[in-house]
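Okay, everyone, thanks for coming. Let me put the model up on the screen, and then I'll walk you through it.

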Amino acid sequence: MKEWIAVGLAGMAGAVSRTAVSQLIGHTENFPYATLFVNLAGSFILCALIAAAPLRQPWKTAVHTGFLGSFTTFSALSAELSSMLLSGQWGVAFLYTVLSVGGGLLSGLAGLRFGSRSVKS
Amino acid sequence: MTALGWLCVAAGGMLGAVIRYWITSKLNRKGGFPAGTFAVNMTGAFLAGIFSGLAAGSPAHAFIVYGILGALTTFSTWNSEILILWRDGRRAAAVFYALSTLVLGIVFYMVSFIYVSS
């Protein structure tokens with residue numbers, strides 16, 4: 001199978017899964033929990049897969065670039081942060097930035113450790 | 001979300017992921033600055049501002065915002081690239097990449113958002 005077709009199909013699944021999460025969680029209390037959830041979960045899984053490397057091509061590119069790339073999103077994060085800033089919600093914007101970026105790096109680190117441990121054992 | 005809405009998300013997601021794959025495989029260099037990921041995230045943030053007026057739940061919103069732009073941009077790849085730059089000892093590049101993406105993403109969104117809503 002051509003790699004780009006695998007990426008396209010996996011990307012479709014990633015976008016549908018992300019939208020399903022946002023429909024399930026909804027926009028409760030004006031905080032973007034759905035975006036935060038997909039971004040942190042996707043970061044953990046991607047880093048675990050990078051460290052453990054259980055997949056071969058074209059599955060690796062399909063899952064890493066297609067599914068997880070598409071499941072997580074940067075455009076929604078930019079939009080949500082911008083509207084918080086434009087409406088003067090500085091505290092919420094700061095909290096959302098720390099949770100997304102700091103949380104993303106921590107869950108990525110946890111994923112790298114989890115992945116390399118599961119290779120050793 | 002209607003059945004048509006889900007179809008729009010699926011079609012847009014496929015398109016966004018393939019465009020991102022195409023751009024990142026041309027521009028990202030192994031061990032170098034991830035220019036491809038940076039480019040798709042900045043483009044996606046800018047376009048998100050342009051299409052911010054679309055009614056949430058409409059098929060156009062599902063196709064463009066949830067589908068194409070959600071899939072064109074990526075958080076997980078950005079995050080893993082920051083960690084890998086840092087792990088490889090390229091700490092200044094890691095911090096620069098993290099901050100420039102975050103700050104310019106907000107700037108690009110705001111510029112297009114303010115332009116279309118004025």
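Let me start with a question: which residues lie nearest the centre of the second largest pocket? Hold on to that one while I say what we're looking at, and I'll come back to it.

So, this is a predicted model, please keep that in mind throughout. There are two chains to talk about. Chain A has five helices and zero strands, and if you read along the sequence the pattern is simply α-α-α-α-α. Chain B also comes out with five helices and zero strands, and from the N terminus on its elements run α-α-α-α-α. For the dimensions, the C-alpha trace of chain A spans about 45 × 30 × 20 Å along its principal axes. For chain B, the C-alpha atoms fill a box of roughly 50 × 30 × 20 Å, again along the principal axes.

The contact takes 45 residues from chain A and 39 residues from chain B. What about polar links? Between chain A and chain B we count 14 residue pairs in polar contact, with both residues at pLDDT 80 or more. Salt bridges are another story: across the interface of chain A and chain B, the rule finds zero.

Now, who supplies the chain A side? Two or more residues each come from α1 (3-25), α2 (33-52), α3 (59-71), α4 (75-86) and α5 (90-120) of chain A. The one that gives the most is α1(A), with 14 residues. If you sort the chain A side by class, you get 21 nonpolar, 22 polar and two charged residues.

The largest pocket has a volume of about 940 Å³. It's lined by 28 residues, and the closest to the centre are Thr65(A), Asn28(B), Lys30(B), Thr77(B) and Glu81(B). The elements giving two or more residues to that lining are α2 and α3 of chain A, together with α1 (3-27) and α4 (76-87) of chain B. α4(B) takes the largest share of the lining, with six residues. By class, the lining of the largest pocket has seven nonpolar, 13 polar and eight charged residues.

And now back to my opening question. The second largest pocket has a volume of about 630 Å³. Of the 25 residues that line it, the ones nearest the centre are Ala76(A), Glu80(A), His61(B), Val65(B) and Tyr66(B). In terms of elements, α1, α2 and α4 of chain A, along with α3 (59-72) of chain B, each supply at least two residues of this lining. Here the top contributor is α4(A), with five residues. The class breakdown for the second largest pocket is 12 nonpolar, 11 polar and two charged residues.

Last stop, some backbone details. Where is the cis peptide bond? Go from Gln57(A) to Pro58(A): that bond is cis, with omega near 0°. Pro58(A) sits in the loop between α2 and α3 of chain A. While you're there, find Ala53(A), which lies in the loop between α2 and α3 of chain A. Phi of Ala53(A) is near 45°, a positive value in a residue other than glycine.

That's what I had to show, so let's open it up for discussion.

Note on methods. Residues numbered from 1 in each chain as written. Chains lettered and ligands numbered in written order. Predicted model: local features only at pLDDT ≥ 70, side-chain atom pairs only at ≥ 80, totals over all residues. Heavy atoms only, no water. Contact = heavy atoms within 4.5 Å. Salt bridge = Lys/Arg side-chain N within 4 Å of Asp/Glu carboxyl O. Polar contact = N/O pair within 3.5 Å; in protein donor to acceptor, adjacent residues only side chain to side chain. Helix = DSSP H or I, 4+ residues; strand = E, 2+ residues; numbered from the N terminus. Nonpolar A, V, L, I, M, F, W, Y, C, P; charged D, E, K, R; others polar. 1 Å grid on protein atoms, 1.4 Å probe; cavity = no way out; pocket = protein on both sides within 12 Å on 5 of 7 lines; lining within 4 Å. Points joined across faces, edges and corners; volume = space filled by probe spheres on them.
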